[in-house]
Amino acid sequence: MLTAVLAPALAAQTPPAASSFGGLVEVNVVNVDVYVTDRDGSRVTGLKKEDFALFEDGKPVEITNFTAVAGPPAGVPSQGTAAEAPEVAAAPLPAATPDTWLNLAVLVDNRHLRPENRTRALEQIRQFLARTLRRNDRVMLATYDLDLTVRQTFTEDAAALGAALRQMETLASFGLQADQSRRSALRTMFALHELEPCSYDMVKPVEGYAEETRAEARLTIEALKVLVNSLAGIPGRKAVLYVSDGVPVTPGEELFQVVFELCGGGAATSGLPGAAPGRESRLGDYPQYPAQQALLDAQKYSVAKQFEDL
């Protein structure tokens, strides 16, 4: 057993009394017991403090004390003095059972992955599985294309996983289409802005892009829900590794930000075409789209609630 100790937090609880020296100090430490095994479940020994990294809420925490323990289990009384004590074998690790095995579902989101990133991600997955999986751990491989498709059911067969990953390399990925749709909406919005600066018509391509992207985001979240729900009846530990270039929480928000700057929200510093002072002289008699409205309209397409539910 290895014990890593978090950095202590020192806080004076009460000021010292006038007739005494010093004060009351509370020292808070957190002991973290770590059992390290290799892929076959055998104990790994000889590790040092620098072999570990400790995090709390995603932030690194200093390990102030470190002790490798290879003595009797807790509660076993010592026999004689330290010089006379016989060697005692280290406490055995609990036997692996189906409840402790890992079931890892890997979902590769081809809908939101660019081809070059997908190629790199699949290679990283291959290395991760080879380095991390232990005996009795199982992996399922799935893709989200236009539908959720299981490419390899749960298995611990490395050869089967390798074959499925090679087959996944041949599938189409659609991340570039999202880039093209965003650029197309931006070009159309700029062209309409040139004709009628800050008209409601110039916002329509942005709204169309946001609506289309939101629909895709919702379908992706639903696919993730289906995958998570499918794990409910499987015993043991379960994890989902989701591989994607990213699903926007507020689809179209970046284009609404451009509209905001074009129409006066950030005209002094944006540097965008048509966002310079003096633009107002070109305005016609048509209704003007308020800059602040762009920030409000962007939130209409948010899928934050769906992510929270997931």
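Is T155 buried or exposed, and at what relative accessibility?

A: This is a predicted model. T155 has a relative accessibility of 14%. Buried means under 20%, so T155 counts as buried.

Its setting comes next. T155 lies in strand β10, which covers residues 148-155. Leaving aside neighbours within four places in sequence, T155 is in contact with D137, R138, V139, A160 and L161. Take D137 from that list. D137 and T155 are 18 residues apart in sequence. In space, their C-alpha atoms are 8.1 Å apart. The side chain of T155 also reaches a backbone atom: the nitrogen of D157, at 3.0 Å.

Now the loop that holds N136. N136 sits between α1 (115-132) and β9 (138-144). Its phi is near 80°. That is a positive value in a residue other than glycine.

C198 also has a positive phi, near 60°, and is likewise a residue other than glycine. C198 lies in the loop between α3 and α4. With a relative accessibility of 2%, C198 counts as buried, because the cut-off is 20%.

Helix α3 has 21 residues, 175-195. At 1.5 Å a residue, α3 should span 30 Å. The C-alpha atoms at its ends are 31 Å apart, which agrees.

The buried residues of α3 are G175, D179, A185, M189 and H193. Seen down the helix axis, they fall within an arc of 130°, so they line one face of α3. An α-helix has 3.6 residues a turn, so residues three or four places apart point the same way.

What covers this buried side? The cover includes α4 (204-230) and α5 (253-262). The face of α3 turned away from the buried side carries R187 and L195, both exposed.

Finally, the whole chain. The chain has seven helices and eleven strands. Of its 310 residues, 31% are buried. Among contacts with a separation of 6 or more, 71% are between residues 24 or more positions apart. The accessible surface comes to about 18,500 Å². Carbon and sulfur atoms account for 56% of that surface.

How values were computed. Residues are numbered from 1 along each chain as its sequence is written. This is a predicted model: local features need pLDDT of at least 70, side-chain atom pairs count only at pLDDT 80 or more; totals for chains, interfaces and linings use all residues. Side-chain values use heavy atoms; hydrogens and water are left out. Helices (H or I, at least four residues) and strands (E, at least two) are DSSP runs, numbered from the N terminus. The expected span of a helix is 1.5 Å times one less than its number of residues. Buried means under 20% relative accessible area, exposed over 50%, partly exposed in between (1.4 Å probe, protein chains only). The arc is that of the directions from the helix axis to the C-beta atoms. Contact means heavy atoms within 4.5 Å. A polar contact is a pair of N or O atoms within 3.5 Å; within protein, one must be able to donate a hydrogen and the other to accept it, and residues adjacent in sequence count only if both atoms are side-chain atoms. Accessible areas come from the Shrake-Rupley method with a 1.4 Å probe; for residues, only the protein chains shown count as cover.
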